[in-house]
Amino acid sequence: MILSLPWPPSVNVYWRHVGSRVLISVEGRAYANKVYDCVLMQCAPRSSLDVSLRFDAPVSVDIIARPPNRARRDLDNLPKAILDALTKARVWEDDSLVHDLRVRWGGVRKGGEIQITINQMEAKE
């Protein structure tokens with residue numbers, strides 16, 4: 001499965017502390033909704049988003065991050081919001097199924113873009 005997703009919010013705004021609890025912010029929830037819409041639009045021609053589309057075994061994930069500008073960013077801050085949003089979009093039961101993760105920079109793209117490739121991994125004996 002190959003998806004094109006919007007640029008995620010910064011980790012500095014993704015979570016909010018409310019008392020002793022840590023919650024996903026309004027921006028984080030809005031991002032998850034955008035990802036859901038992208039998954040639905042990009043996968044609808046092949047299948048409805050039912051259980052047959054959901055990965056239920058270990059997967060490998062390759063992320064190419066095309067930032068919106070040349071500002072300095074930490075590459076390791078990107079995957080959490082993306083993987084959590086894909087869980088909410090029902091691409092898989094839980095992002096704990098990601099057993100192999102590669103994240104790399106692509107060129108700058110206006111507005112930013114995440115290209116993600118998800119493959120089911122072969123069972124090991």
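How many nonpolar, polar and charged residues does the lining of the largest pocket have, by class? The lining has six nonpolar, three polar and three charged residues. The model is predicted: local features need pLDDT of at least 70 and side-chain atom pairs count only at pLDDT 80 or more, while totals for chains, interfaces and linings use all residues. Residues are numbered from 1 along each chain as its sequence is written, and side-chain values use heavy atoms, with hydrogens and water left out.

**Largest pocket**

- The largest pocket has a volume of about 190 Å³. A volume here is the space filled by probe spheres set on grid points, which are joined across faces, edges and corners.
- A pocket is, on a 1 Å grid over the protein atoms alone, an open set of points where a 1.4 Å probe fits, with protein on both sides within 12 Å along at least five of seven lines; lining residues have an atom within 4 Å of a point.
- The pocket is lined by W7, P8, P9, S10, V11, N12, R72, R73, D74, N77, L78 and W105.
- In the classes used, Ala, Val, Leu, Ile, Met, Phe, Trp, Tyr, Cys and Pro are nonpolar, Asp, Glu, Lys and Arg are charged, and the others, Gly among them, are polar.

**Nonpolar core**

- The largest nonpolar core has 28 residues, of which L5, L86, W92 and I118 touch the most other members. Such a core is a set of buried Ala, Val, Leu, Ile, Met, Phe, Trp, Tyr and Cys residues joined through side-chain atoms within 4.5 Å.
- Two or more residues of this core come from each of strand 1 (2-5), helix 2 (26-43), strand 4 (59-66), helix 3 (79-88) and strand 6 (113-120). Helix 2 gives the largest share, six residues.
- Helices (H or I, at least four residues) and strands (E, at least two) are DSSP runs, numbered from the N terminus.
- Beyond four places in sequence, L5 touches Y31, V35, C38, I82, L86, E113, I114 and I116. Contact means heavy atoms within 4.5 Å.
- L86 lies in helix 3 and counts as buried, at 0% relative accessibility. Beyond four places in sequence, L86 touches L3, L5, V35, V39, V91, W92, I116 and I118.
- L86 and G112 are 26 residues apart in sequence, and their C-alpha atoms are 18 Å apart in space.

- Helix 3 is largely enclosed by the rest of the structure, because eight of its ten residues are buried. Buried means under 20% relative accessible area, exposed over 50%, and partly exposed in between (1.4 Å probe, protein chains only).
- The buried residues of helix 3 are P79, A81, I82, L83, D84, A85, L86 and T87. Their cover includes strand 1, helix 1 (11-14), helix 2, strand 4, strand 5 (98-105) and strand 6.
- D84, in helix 3, is buried with a relative accessible area of 15%. D84 touches Y14 and D95, not counting residues up to four places away in sequence.
- R90 is in the loop between helix 3 and strand 5 and is partly exposed, at 34% relative accessibility.
- R90 has a positive phi of about 65° although it is not a glycine. Most residues other than glycine have a negative phi.

- Seven of the eight residues of strand 4 are buried.
- Strand 4 and strand 5 run parallel and are joined by seven bridges; I63 stands opposite V103 in strand 5. Two strands pair if DSSP finds at least two bridges between them.
- Q115 lies in strand 6 and is partly exposed, at 25% relative accessibility.
- Beyond four places in sequence, Q115 touches I2, L3, D62, I63, I64 and R66. The C-alpha atoms of Q115 and K34, 81 residues apart along the chain, are separated by 14 Å.

**Hairpin of strands 2 and 3**

- Strand 2 (residues 15-18) and strand 3 (residues 21-24) run antiparallel, with four bridges between them. V18 has R21 in strand 3 as its bridge partner.
- The two strands form a hairpin with two residues between them, and G19 in the turn has a positive phi of about 65°.
- W15, in strand 2, is partly exposed at 27% relative accessibility. Beyond four places in sequence, W15 is in contact with V22, L23, I24, S25 and K80.
- W15 and A81 are 66 residues apart in sequence and 9.7 Å apart in space, C-alpha to C-alpha.
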